[in-house]
Amino acid sequence: QAHLRIMETTDLHVHVWPYDYYADEATDTLGVARTAALIEAVRAEAGNSILLDNGDFIQGNPMGDYIAYERGMAEGQAHPIVTAMNQIGVEAGTLGNHEFNYGLDFLKNSLAGAGFPLVCANIAVTEGASPAEDETLLPPYIVLDRELVDGAGETHPIRLGIIGFVPPQVMQWDRKHLEGNVSARDIVVAANAWVPKLRDEGVDLVIALCHSGIGAATHSEGMENAAIPLAAVEGIDVILPGHAHLVFPGPDFDGVEGVDNQVGTISGKPAVMAGFWGSHMGLIDLLLERQGDGWTIVSHQ
Ligand code: MN
Ligand code: MG
C-alpha cells in the first residue's frame, strides 16, 4: 500500500501576491504566494504528492489586463502567473474559459513559459468524424510516469493519466477570438471519447481536471457545469472541479444530488474544489494498493 497526495489550485486569475489590485491594498485571503506556503508544508508531510492546476490563471485582475494590453506577451516573455505556477511546482494543468479572453496568440505565448504540461480534451483546431479523431488545440491528456514509495519504503512505478475539460461556452464568451479558429465539444462527449484511449495507455489512475462546476446531476448537451456527469464517466477515478469559485466539500453543496458532501465524492469519485484566487488549496489523500502490476484506490480523504 502507498499514499498519494493530490493537491489542487484553481481559478488563480493572476493573483500572484496577496494584494487586492482593485482596492489597491494588501489582503491576506488570496494570492498564490500565500497558497505556496500551504502547499510547501502539505507537500513536505507526504511521501508521494502531485500538484495540479485547474485553469483560469492568465486573466482576472488588473495585472492580467496590464500584461495583455500594455506590456504585451511577445514570444519568449514570461507571464507572471505562469512563473508563479512554475515556482510552486505545478506538475500539470488545464485551460479555463478565461485563458481565451486575450486571444490564441496571447495564450500560446503565455503557455510557452509553463514548466509543466497542459491538457484540454474538448477544444479542437479541426474536428474529426468523432471526438477522438479531433486535432485538439492542446494534447487532450498526458500520462505521467511516477514512482510511489510504499509503506515499507520501497518504490514502485505508477502511471497517472491527466485529462482536462473547459466549458464549451467559450465559443460564445470569446467568439471574436475563437470563431473560425477552434471549436468546442461537450465535456462528457469528449470524455467518453478520450478516456478509453487514455486507459489504453495502461494508466493506473485517471485524474480529470474539470474546469467546470458542480451543476445538474444529469447530462445535457453543452452543459457548462458538468462535474457530476463527468465524474460518472467510466475510467475517471478522481475529479478536480473548478470554475464556480466555490469550495467542495463545503456548505454550498449540502443536499446536492449526485454528490456526497460528507465524504467528498462526486458521482462516487473522490473530488475537491479549491475556491478561487488562491483562497484555498484542494487536497485529496488516496490510499492505494498494488494489485498485480497496477494500483487501485482503497480509501480516500
Ligand atoms: Mn474562474
Ligand atoms: Mg472559469
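This is a predicted model: local features need pLDDT of at least 70, side-chain atom pairs count only at pLDDT 80 or more; totals for chains, interfaces and linings use all residues.
**Metal site**

The manganese ion (ligand 1) has four protein donors: D11 (OD), H13 (NE2), D56 (OD) and H245 (NE2). They lie 2.1 to 2.3 Å from the ion. Along the chain, these donors of the manganese ion follow the spacing D-x1-H-x42-D-x188-H.

H13 sits in the loop between β1 (2-9) and β2 (19-20). D56 sits in the loop between β4 (49-53) and α2 (62-71). The pair therefore ties together parts that are 43 residues apart in sequence. H13 and D56 are both buried, each being under 20% relative accessible area. The table gives their values.

| Residue | Relative accessible area | State |
|---|---|---|
| H13 | 4% | buried |
| D56 | 1% | buried |

**Sheet**

Four strands make an open sheet, ordered β9-β10-β12-β13, with mixed pairing. The edges are β9 (141-149) and β13 (238-241). Each has a single partner strand, so one side of each is left without a neighbour in the sheet. From one strand to the next, the twist averages 25°.

β9 and β10 (residues 155-165) run antiparallel and are joined by nine bridges. In one of the pairs, L148 has H156 of β10 as its bridge partner. Helix α7 (residues 187-199) packs on this sheet. Helix α7 touches β9, β10 and β12 (205-210). Its direction makes about 155° with that of β10.

Notes: Residues are numbered from 1 along each chain as its sequence is written. Chains are lettered from A and ligands numbered from 1 in the order in which they are written. Side-chain values use heavy atoms; hydrogens and water are left out. Two strands pair if DSSP finds at least two bridges between them. Helices (H or I, at least four residues) and strands (E, at least two) are DSSP runs, numbered from the N terminus. Axes are lines fitted to C-alpha atoms, for helices over the stretch in contact, and angles run from 0 to 180 degrees between N-to-C directions. Contact means heavy atoms within 4.5 Å. Donors are N, O and S atoms within 2.8 Å of the metal (3.2 Å for Na, K and Ca); water is not among the atoms, so sites may look incomplete. Buried means under 20% relative accessible area, exposed over 50%, partly exposed in between (1.4 Å probe, protein chains only).
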